[in-house]
Amino acid sequence: MPAANQFAAFLKSFLYAVRGLKACLSERNMRFHLSAAVFVTAFSLVYRLERAQFGLLFFAIGLVISLEAVNTAVEYLTDLVSPG
């Protein structure tokens, strides 16, 4: 595969990723989880958590956001397979 085609495929993959993010952000639950993550992060700054606690907090936030994205993908797939 020529380098130009590889670069075009690489850029196309980013387009798909952006579409996926837009789809996730259109979901009410994802917006709720992101809002909660912002509030929890703000409160964690007020309570001055230690580094390890921040690490665990961001790991948990990342896990929740990731699983919500997977849930959104499964819901879209289910709608495609059985629209009714």
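Predicted model: local features only at pLDDT ≥ 70, side-chain atom pairs only at ≥ 80, totals over all residues.
Let's start with the helices. H2 covers residues 28–46 and H3 covers residues 51–81, and their axes come within 10 Å, crossing at roughly 175°. Anything over 145 degrees counts as roughly antiparallel, so that's what H2 is relative to H3.

Who makes the contact? On the H2 side you'll find Asn29, Met30, His33, Leu34, Ala37, Val40, Thr41, Ser44 and Leu45. H3 brings in Phe54, Leu57, Phe58, Ile61, Val64, Ile65, Glu68 and Ala69. Sort those by class and you get 12 nonpolar, four polar and one charged.

Okay, on to the aromatics. How many aromatic pairs does a search of the whole structure find? Two. One is phenylalanine 10 with phenylalanine 14: the centres sit 4.9 Å apart with 85° between the planes, an edge-to-face pair. These two are both in helix H1, residues 3–25, four residues apart, or about one turn of the helix. Phenylalanine 10 is partly exposed, at 46% relative accessible area, and phenylalanine 14 is partly exposed with 46% too.

Then there's phenylalanine 54 with phenylalanine 58. Here the ring centres are 6.0 Å apart and the planes are at 15°, so this pair is stacked. Both belong to helix H3, again four residues apart, about one turn. And you've met them already: both were on the H3 side of the contact with H2. Phenylalanine 54 is buried, at 18% relative accessible area, while phenylalanine 58 is partly exposed at 43%.

Terms used. Residues numbered from 1 in each chain as written. Heavy atoms only, no water. Axes fitted to C-alpha atoms, helices over the stretch in contact; angles between N-to-C directions. Parallel < 35°, antiparallel > 145°, perpendicular 65-115°, else oblique. Contact = heavy atoms within 4.5 Å. Nonpolar A, V, L, I, M, F, W, Y, C, P; charged D, E, K, R; others polar. Phe/Tyr/Trp six-rings, centres within 6.5 Å; stacked < 30°, edge-to-face > 60°. Buried < 20%, exposed > 50% of the residue type's maximum accessible area, 1.4 Å probe, protein only.
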